[in-house]
Amino acid sequence: MANSSIPESSFLKEAFISYTSYTNTTKQSIQKFALQWLQSNIESELEDQTIMTIFTQKWRTGTETSVTGDNSPLYLENLPGSYKKSKTNQEDALLFIHEKVPPKMQEEFKKRWSLKTKLEVSNPSGTEFTTEDGEGIISYRVEKKQIYYLLSFEEKGEQYTIVLAEKISPQKYDTWLVNKADVKISDV
């Protein structure tokens with residue numbers, strides 16, 4: 001039962017509602033990527049390891065204990081198409097997630113949900129992404145036609161400083177320098 005301190009809407013409910021308004025498969029793939037990112041971060045970054053289990057139970061049955069006996073995990077990326085505002089159990093599950101996910105993670109999710117820019121490697125030989133860590137310069141080879149979604153980018157002379165929506169390379173970095181001549185940045 002929802003109490004009056006819980007908001008009428010939630011960040012994930014708003015996302016699920018907006019998902020159905022897009023028929024563009026590229027936009028929907030970006031949104032599925034955002035949902036994968038969210039679930040991964042809920043499972044790896046939050047102390048309460050029961051959040052996705054309780055969410056799953058609420059989504060399926062409206063309770064925190066499974067009545068159906070179905071203990072298979074739910075994947076957030078698969079849920080927008082099955083969301084029905086009229087289902088109280090789904091509403092309760094979405095409000096539960098809203099309460100458990102910290103505001104900073106909600107904001108990061110919203111950025112990924114509404115990505116508008118992509119980078120495509122256009123140089124036939126590929127390119128090097130570079131970054132600096134405490135031990136020196138790190139390089140990561142990227143092949144032609146590789147596409148990355150960007151949280152942001154900034155011109156710096158002959159290079160771009162890019163912030164990717166995902167961490168890449170063995171070191172898991174998301175901020176890189178890349179030669180402008182080797183890439184094309186455009187709207188999604």
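1. Let's start with Ile97. In this predicted model, once neighbours within four places in sequence are set aside, Ile97 is in contact with Phe11, Leu12, Ile42, Ile51, Met52 and Phe55. Ile97 also belongs to the largest nonpolar core, a set of 28 residues, and is listed with Leu12, Leu38, Ile42, Phe55, Trp59 and Phe109 as the members that touch the most others. At least two residues of this core come from each of helix H1 (11–19), helix H2 (25–45), helix H3 (51–61), helix H4 (88–100) and helix H5 (103–113). A separate second core has 15 residues, among them Leu119, Phe129, Ile162 and Ile185. As background, nonpolar side chains in soluble globular proteins tend to be buried together.

2. Does the length of H2 agree or disagree with what its residue count predicts? The 21 residues of H2 should span 30 Å at 1.5 Å a residue, and the end C-alpha atoms are 29 Å apart, so the two agree. The buried residues of H2 are Lys27, Gln28, Ile30, Gln31, Phe33, Ala34, Leu35, Trp37, Leu38, Gln39, Asn41 and Ile42. Their cover includes the helices H1, H3, H4 and H5, along with the strands E4 and E5.

3. Arg112 deserves a look of its own. This residue sits in helix H5 and counts as buried, because its relative accessibility is 6%, under the 20% cut-off. Where does the side chain of Arg112 reach? It comes to 3.1 Å from the backbone oxygen of Ala165. Beyond neighbours within four places in sequence, Arg112 is in contact with Ile30, Ala34, Trp37, Leu151 and Ala165. Ile30, Ala34 and Trp37 are listed among the buried residues of H2.

4. H2, H5 and E5 are the elements that give two or more residues to the lining, and H2 gives the most, with seven.

5. Two backbone angles are worth checking when you go through the loops. Most residues other than glycine have a negative phi. Lys145, however, has a positive phi near 75°, and its place is in the loop between strand E3 (136–142) and strand E4 (147–156). Lys172, likewise not a glycine, has a positive phi of about 60° and lies in the loop between strand E5 (159–168) and strand E6 (173–179). Are these lysines buried or exposed? Lys145 is exposed, with a relative accessible area of 55%, and Lys172 counts as exposed at 51%.

6. Finally, a word on Thr117, found in strand E1 (residues 117–121). Why does Thr117 count as buried? Its relative accessibility is 17%, and the limit for buried is under 20%, so it qualifies. Not counting residues up to four places away in sequence, Thr117 touches Tyr148, Tyr149, Leu150, Phe153, Ile185, Ser186 and Val188. Ile185 is also one of the residues of the second core.

Notes:
Residues numbered from 1 in each chain as written. Predicted model: local features only at pLDDT ≥ 70, side-chain atom pairs only at ≥ 80, totals over all residues. Heavy atoms only, no water. Core = buried A, V, L, I, M, F, W, Y, C linked by side-chain atoms within 4.5 Å. Buried < 20%, exposed > 50% of the residue type's maximum accessible area, 1.4 Å probe, protein only. Helix = DSSP H or I, 4+ residues; strand = E, 2+ residues; numbered from the N terminus. Contact = heavy atoms within 4.5 Å. Polar contact = N/O pair within 3.5 Å; in protein donor to acceptor, adjacent residues only side chain to side chain. Expected span 1.5 Å × (residues − 1).
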